[in-house]
Amino acid sequence: MDDRKALIAVDGETSADEDPILLHKEAGQAPKAVQDFGRYQSEEPSTSAAAGRVAPHISGNNLLLDDDQPPLLGNPSVPPNIPTNGSAGSSNRNINSSDPIFHLRSRTAAASTPNYESLDYEVCENTLFQDEQRKRLTERFSLRKDIIRWIIFIQIGIITALIACTIDIIIEELSERKYTFLYNSVKKNVPLSDASDGDLLIPYLYWLLFSILPVAFGAAMVTYIEPITAGSGIPQVKSYLNGVKIPRIVRIKTLAVKAIGVITSVVGGLAGGKEGPMIHAGAVVAAGISQGKSTTFVKDFRIFKAFRDDHEKRDFVLGGGAAGVSAAFGAPIGGMLFSLEEAASFWNQNLIWRTLVASIISVFTLNIVLSAYHGLNDFTFTGLFNLGKFDTPLKFDYFELPIFMLLGVTGGLLGAAWNSLNTKINKFRKRFIPWKIGKVLEAVVVAMMGVTLACLMIYFINDCRPLGNDPTNNPVQLFCEDNEYNAVAALWFQTPEATVRSLFHDPPGSHKILTLALFTVVYYVLSCATFGLNVSLGVFIPTALVGAAWGRLLAMLTYYVFPQAEFLHPGKYALIGAAANLGGVLRMTISLSVILMETTGVETSFFFPLIIALISAKWVGDYFNEGIYDTQIQVNHVPMLTWEPLPQYKGLTAREILSSPVVCIKLRDSAHYIYKMLKKCDHNGFPVVDDVLGDRRSEGRVCGIILRSQLIVILLKSLYMENKQFWLPETSIQTFRDVYPRYPSIKSVRKLDDKINYTVDLSMFMNPSPIRVNPHDSVPRIFQIFRALGLRHLLVINNENRIAGIITRRDFIYK
């Protein structure tokens, strides 16, 4: 097979658990720039072993260039014969010399290498782990561990709810002061119904000021302090739960910037909501509490040590995300379903039950705090998004079901168009606005555009309604007669969630058709331009707002044509429109319907119309593109594993996607060799072999697998056979857990000049039962194994149990 590739290596040491993407390009092709979450990368196809197919790889390791050899970039047609763990290569390559062959890194084009890492959800059941299990079994540790796990989930629910309450109270107080000031400014400067006697310029300037300042502050914090906090955070959390570690996603600093960012964005009047940031906040809380330590403040509280691994941490993060959704919507069942339907890649019955408890505790805590804050004695303030309860039960006739389905189709079309337009806008801004100051100024410009469009609507549209049915706390007279309020101003002089509540519950005749039509178009464009800015905002509320506006608008238009149609309740169709638009953008069904039911308090009999609209929207939208969160993940080229293997892998076998030769380590190997190998390559998993002839390690028999992080700890702790009597009594599985999750780099290990002859025995540290497959096994079957078990490395062995290659997550990504 002609393996025509040029390989670009990473320049610089990576972290111990990092899987940097290997960049490679086909001969004669120029690299194409694609983008990470805020970073650039290069990615090009490579030639697959499958005849007639192009199956490029995105692998997890780098190749290195020798000191006395020219870079491979100069002769891309020559296939390198270098041992790799996870890099694309031919499966039938042979090694004719001792390995590993170390080379110097190429420095030509490594600056754009992305920072993604793989998480290892497989438990390393080595000798130390088994010793702990046997010891804990006699101490009845399993029961105590389960109780502690429940306590952690309860703590996650409480703390997430308290953070949500703090964010909500601050936003409410600042927004009330902002809109009260604007109301008084309008009242002072435009006192009469005659527009010629009033001046809207001064309130407009004040409105600009109160939008620009918070938005600029929040965008600057996100851009300069913690860029990972941009957006809703749901795609990043979803990637994390799938097994891709996005750097800095679950740190305390990230939580602080996220909270301040969402406060400033909502107060500034951007078209966004708090639901996405709350999910991210819950995930950060869960990741921090469950570990019993803070890597940011370098403080170890020496608790919860048994949960310091990726597998346990993943389950807690899922519970935190569910608690965040529940706090946002006051919907414990909807929060649990949202996490399982949209975020989770792995779950079981026990996890569902614990997640539900965290959601219930979160809603209960938030209910108590906010009800007390608002002076309620019946604890009815259930969530951050108080969309109100319908006064009369929503009923429907069966002849309305086709109408609901038609609304769903409309929502699917509008949602698909929104996703496509938003994706193009984000690609444009990433290409042409790479500077940090430009990102801040862009957010300011969008905020100014929103205020300007709102003022133009208020000024040019004459929509005056009698007082008494006003949907806002500060009804503005603004160009209207006495005892009237301006209905256009009522849509803009409040937070987006309050506007959704108004569209749900305003009585018939509260708006003109022209008002809602222009408002729908303006907010559709604004929300599309806003989602993707360097600010912390979610997409749920603006999407629901647009849907509620056009749903109510369609009901008004139909009633105008058919005045005898008494079933056309505008609030009912606003709710169906919101559900349809949400389904078209997010492509979720069950969780969205439950969230809307729990948030608005509609009867269970109305579940059927909601699910009809949501399913119709999802089916129509899926015909054109994917949901907005999946679209963001694809655009950023995150190596996500879908539920099913891609069609391009049908008919392939392991031999056609594996990477070989592989860097291996002998069961008892030289410490100097291990140190030199870790310095020269960035691989994160190494097969452990015995029955090795000379130094031909890659042809040995497989007896286990060892991780890079474990090898570095072994070298740092000097766990050598020659001084075994000193460290053996104190060494346990906790020795490795104490440094989780920020494993040290090989740079922190001193040179082994005085220990060059020391030996490392890996028998007690390695995982003796790694998952293995045969080169002839089908790729779809291998994918199911890899996906279901949450693997990071999958060994491919021949019939003699000798290593034939290795498969990593990125070998399943077809580009």
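**A loop serine and its setting**

A: S718 is buried, with a relative accessible area of 16%, where buried means under 20% relative accessible area, exposed means over 50% and partly exposed lies in between, using a 1.4 Å probe and protein chains only. This is a predicted model, in which local features need pLDDT of at least 70 and side-chain atom pairs count only at pLDDT 80 or more, while totals for chains, interfaces and linings use all residues. Residues are numbered from 1 along each chain as its sequence is written, and side-chain values use heavy atoms, with hydrogens and water left out.

The backbone of S718 has a positive phi of about 55°, although this residue is not a glycine. S718 lies in the loop between α21 (708–716) and α22 (724–727); helices (H or I, at least four residues) and strands (E, at least two) are DSSP runs, numbered from the N terminus. A positive phi is also found at N801, again not a glycine, with a value of about 65°. The place of N801 is in the loop between β17 (793–797) and β18 (803–808), and at 24% relative accessibility N801 counts as partly exposed.

Other backbone features also fall in loops. The peptide bond from S660 to P661 is cis, with omega near -10°, and P661 sits in the loop between α19 (628–635) and β11 (665–666). The bond from Y740 to P741 is likewise cis, with omega near 5°, and P741 belongs to the loop between α23 (734–737) and β15 (759–761).

The structure holds one disulfide, counted as a pair of cysteine sulfur atoms within 2.5 Å. That disulfide joins C464 to C480, with an S to S distance of 2.0 Å, and with -85° about the S-S bond the link is left-handed. C464 is in strand β9 (residues 464–466) and C480 in the loop between β9 and β10 (484–486), so that the pair, 16 residues apart, links distant parts of the chain. C464 counts as partly exposed at 21% relative accessibility, whereas C480 is buried at 1%.

Elsewhere, the axes of helix α7 (residues 310–329) and helix α9 (residues 349–373) come within 8 Å and cross at roughly 35°; axes are lines fitted to C-alpha atoms, for helices over the stretch in contact, and angles run from 0 to 180 degrees between N-to-C directions. The contact, meaning heavy atoms within 4.5 Å, involves residues of α7 including D315, L318 and A322, and residues of α9 including L351, T355 and L366. By class, this contact has eight nonpolar, five polar and one charged residues, with Ala, Val, Leu, Ile, Met, Phe, Trp, Tyr, Cys and Pro taken as nonpolar, Asp, Glu, Lys and Arg as charged, and the others, Gly among them, as polar.

For the chain as a whole, the secondary structure comes to 24 helices and 18 strands, and 59% of the 815 residues count as buried. Residues 24 or more positions apart account for 78% of the contacts with a separation of 6 or more. The accessible surface comes to about 32600 Å², of which 60% belongs to carbon and sulfur atoms, with areas taken from the Shrake-Rupley method with a 1.4 Å probe and, for residues, only the protein chains shown counting as cover.
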